[in-house]
Amino acid sequence: MTISDSDRLRSQLSRLEDMFPGYKTEIVEGNIMMSPLRPFHNQTIMRLWNDLELQLPAEWAVISDVTVPINDEFEFCPDLAVVPTPARDENRSAYGPDLVEFAAEVVSPSSVRNDYEIKNVQYARAGIPVYLIFDPYQAHCVTMWNPGPDGYRGRDTFPYGGTVSVETPVGKLSFDTAVLPVDRGTAGR
């Protein structure tokens with residue numbers, strides 16, 4: 001795929017998101033995937049964003065739902081990612097995975113396989129140092145580090161209710177999971 005083909009596809013994806021507000025659009029295994037967003041999803045992102053902004057050194061910034069092209073078959077829009085502030089200030093529509101030091105996804109019912117299996121492998125192969133999954137349906141946070149060709153080699157799971165801390169290239173980051181919403185109808189299933 002050439003740069004112009006990639007830009008053209010990204011433009012098409014942006015139009016799809018404009019046509020279907022409330023949906024997140026990504027390319028997964030060469031297919032366009034649209035996932036509906038829910039209030040708990042957005043609330044989790046906002047709380048985590050606030051936590052991140054308070055902890056990040058000035059040279060690092062948070063982005064959300066901005067394209068991170070991995071390769072021709074995978075183009076993700078992490079719910080949260082940390083990139084250098086000068087890159088964020090360029091206000092791009094896409095950031096290479098080499099700029100992403102930390103990525104986080106919030107699980108929705110339609111994204112379980114993508115978040116736990118596919119992104120685990122693809123983010124690791126792209127060299128993103130730390131990947132976190134926040135799951136309001138299982139009421140837990142999964143931290144992953146030490147990327148390898150088959151996924152992250154390090155992995156811990158923490159139930160919601162306490163503080164989760166993780167070492168990242170930008171410093172130690174902590175998240176209060178006690179304040180994150182839990183879907184009581186499906187938690188623990």
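This is a short tour of a predicted model, stop by stop, with something to select at each one.

**The whole chain**

Start with the protein chain in cartoon view, where you can pick out 4 helices and 12 strands. Of the 189 residues in the chain, 48% are buried. If you draw contacts between residues at least 6 apart in sequence, 54% of them join residues at least 24 apart.

**The largest nonpolar core**

Now select V100, Y123, Y131, I133 and Y152 and show their side chains. These are the residues with the most contacts inside the largest nonpolar core, which has 25 residues. Which helices and strands each supply at least two residues of this core? Colour strand 4 (68-71), strand 5 (74-76), strand 6 (80-84), strand 8 (130-135), strand 9 (140-148) and helix 4 (112-125) to see them. Helix 4 is the top contributor, with 4 residues.

**Around Y152**

Keep Y152 selected and bring up its surroundings. Setting aside residues up to four places away in sequence, Y152 touches N120, Y123 and A124, then I128, P129, V130 and Y131, and also M144, W145, N146 and P147.

Select C77 and C141. Are they buried or exposed? C77 has 4% relative accessibility, so it counts as buried. C141 is buried too, because its relative accessibility is 0%. While you are looking at sulfur atoms, recall that a disulfide is a covalent bond between the sulfur atoms of two cysteines. A search of the whole structure finds 0 of them.

**T85 and its partners**

For the last stop, centre the view on T85, which sits in helix 3 (residues 85-89). T85 counts as buried because its relative accessibility is 12%, and the cut-off for buried is under 20%. Which residues is T85 in contact with, leaving aside neighbours within four places in sequence? Show A58, E59, W60 and A61 to see them. Draw a distance between the C-alpha atoms of T85 and A61: they are 4.9 Å apart in space, although the two residues are 24 apart in sequence. Then turn to A58, whose backbone oxygen lies 2.8 Å from a polar atom of the T85 side chain.

Conventions: Residues are numbered from 1 along each chain as its sequence is written. This is a predicted model: local features need pLDDT of at least 70, side-chain atom pairs count only at pLDDT 80 or more; totals for chains, interfaces and linings use all residues. Side-chain values use heavy atoms; hydrogens and water are left out. Buried means under 20% relative accessible area, exposed over 50%, partly exposed in between (1.4 Å probe, protein chains only). Contact means heavy atoms within 4.5 Å. A nonpolar core is a set of buried Ala, Val, Leu, Ile, Met, Phe, Trp, Tyr and Cys residues joined through side-chain atoms within 4.5 Å. A disulfide is a pair of cysteine sulfur atoms within 2.5 Å. A polar contact is a pair of N or O atoms within 3.5 Å; within protein, one must be able to donate a hydrogen and the other to accept it, and residues adjacent in sequence count only if both atoms are side-chain atoms.
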